[in-house]
Amino acid sequence: MYASIGGSRRPSAPRKSRLTVRLAVLASTVALGAAGLAVAATPSSAATCNGYVGITFDDGPTGSTSALLSVLRANGVRATMFNVGQNVQSNPSAARAQVDAGMWVANHSWNHAHMTSMSQSQMQSDLSQTNSAIQAATGVRPQLFRPPYGETNSTLQSVASSLGLRQVIWDVDSQDWNGASVGQIVSNAGRLQAGQVILMHDGIQNTRDAIPQIMANLTSRNLCPGMISPSTGRAVAPDGTPPPTTPPPTGTPTTPPPSGGCTATATTPNVWGDRYNTSVTVQGAGNWTVVVALTPPQRVSTTWNGSPSWDSTGYVMTMRSNGSGNTFGFTTMMNGNSSARPQIRSCTAG
Ligand SMILES: [Zn+2]
């Protein structure tokens, strides 16, 4: 059920990509105890992403999806899973596990048929049945479609489009379906350039074994795994969804925030050349006060969904809830410091 030899592989079009330096989504969390002791917010990994690549796995879920997900999580990889509808229907929990592990789920047809020989109505029912199975299993409606074997035509593309699906083929074929060795898979992945997409498969041991070396290579080139944009079909930064947190070591109990405190989680969903947006979500209190510290010379230019006040330095903001819910945001001008991110100092209820 893999891509056919010499199949309709899309030639990789030369691309003048403007590589905007974007930083990994930084997530920081702080919990404040009743005694008023704040835990300093710590940004997560400081990987530099000068571009993103789309890592994709076709034909799942399979009996070894959980093994694949373990390897991906251990290596900090978020990937796009092009699932076969009937596999999802027979193993919905594996599809759910993909989403729980931070993967994006997409449509790879109902049963991996050669779709270009179908009538338009057959195409329509095949793709919508697959969308329904994926949505029923995961709660996520697919926005991407990859035709089996990369075989497509204008009818199939328009049917996919009418169902809100962007067709995605691939730029680099890992050849894992064709018996490639771990070294060959790693070497093929080494051709990936920013914005491009690689074809791999769920259910192949060599593919799983290649993941650590693929990631090492990408990291050495400042490339990061990204999501595939439903509007362009190119790999882009994850859309502000924080990567899944690593589960705590077994034996370490987790405790809920004590009463009187709350938890504030900051993400940086949008980064531009001169400024970035921060979104802060508060849990544990309906009325809250969150203190955020900036790094000079950065300055906040705009805020939303909260009532801000400032200390005399202008670098410490106290944001209070104003009835707009539990998420507030602000835009920070970098003023020459493009790497610093706001730190959450405390979160208090009331
Ligand atoms: Zn396939």
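1. In this predicted model, strands β16 (residues 288-293) and β21 are paired in the antiparallel sense, with six bridges between them. Within this part of the structure, A293 lies opposite Q343 of β21.

2. The two strands belong to an open sheet of four strands, ordered β18-β19-β16-β21, with antiparallel pairing. From one strand to the next, the twist averages 20°.

3. A zinc ion is coordinated by three residues: D59 through OD, and H108 and H112 each through NE2, at 2.0 to 2.2 Å. Along the chain, these donors follow the spacing D-x48-H-x3-H. D59 sits in strand β4 (residues 51-60), whereas H108 is in the loop between β6 (104-107) and α4 (120-138); the pair, 49 residues apart, thus links distant parts of the chain.

4. Helix α1 (residues 65-74) and helix α3 (residues 92-100) have axes that come within 10 Å and cross at roughly 5°. The two helices are therefore roughly parallel to each other. On the α1 side the contact is made by T65, L69 and R73, and on the α3 side by A94, A97, Q98 and D100. Classified by residue type, the contact of α1 with α3 comprises three nonpolar, two polar and two charged residues.

Definitions and conventions: Residues are numbered from 1 along each chain as its sequence is written. This is a predicted model: local features need pLDDT of at least 70, side-chain atom pairs count only at pLDDT 80 or more; totals for chains, interfaces and linings use all residues. Side-chain values use heavy atoms; hydrogens and water are left out. Donors are N, O and S atoms within 2.8 Å of the metal (3.2 Å for Na, K and Ca); water is not among the atoms, so sites may look incomplete. Axes are lines fitted to C-alpha atoms, for helices over the stretch in contact, and angles run from 0 to 180 degrees between N-to-C directions. Angles under 35 degrees count as roughly parallel, over 145 as roughly antiparallel, 65 to 115 as roughly perpendicular and the rest as oblique. Contact means heavy atoms within 4.5 Å. Ala, Val, Leu, Ile, Met, Phe, Trp, Tyr, Cys and Pro count as nonpolar, Asp, Glu, Lys and Arg as charged, and the others, Gly among them, as polar. Two strands pair if DSSP finds at least two bridges between them.
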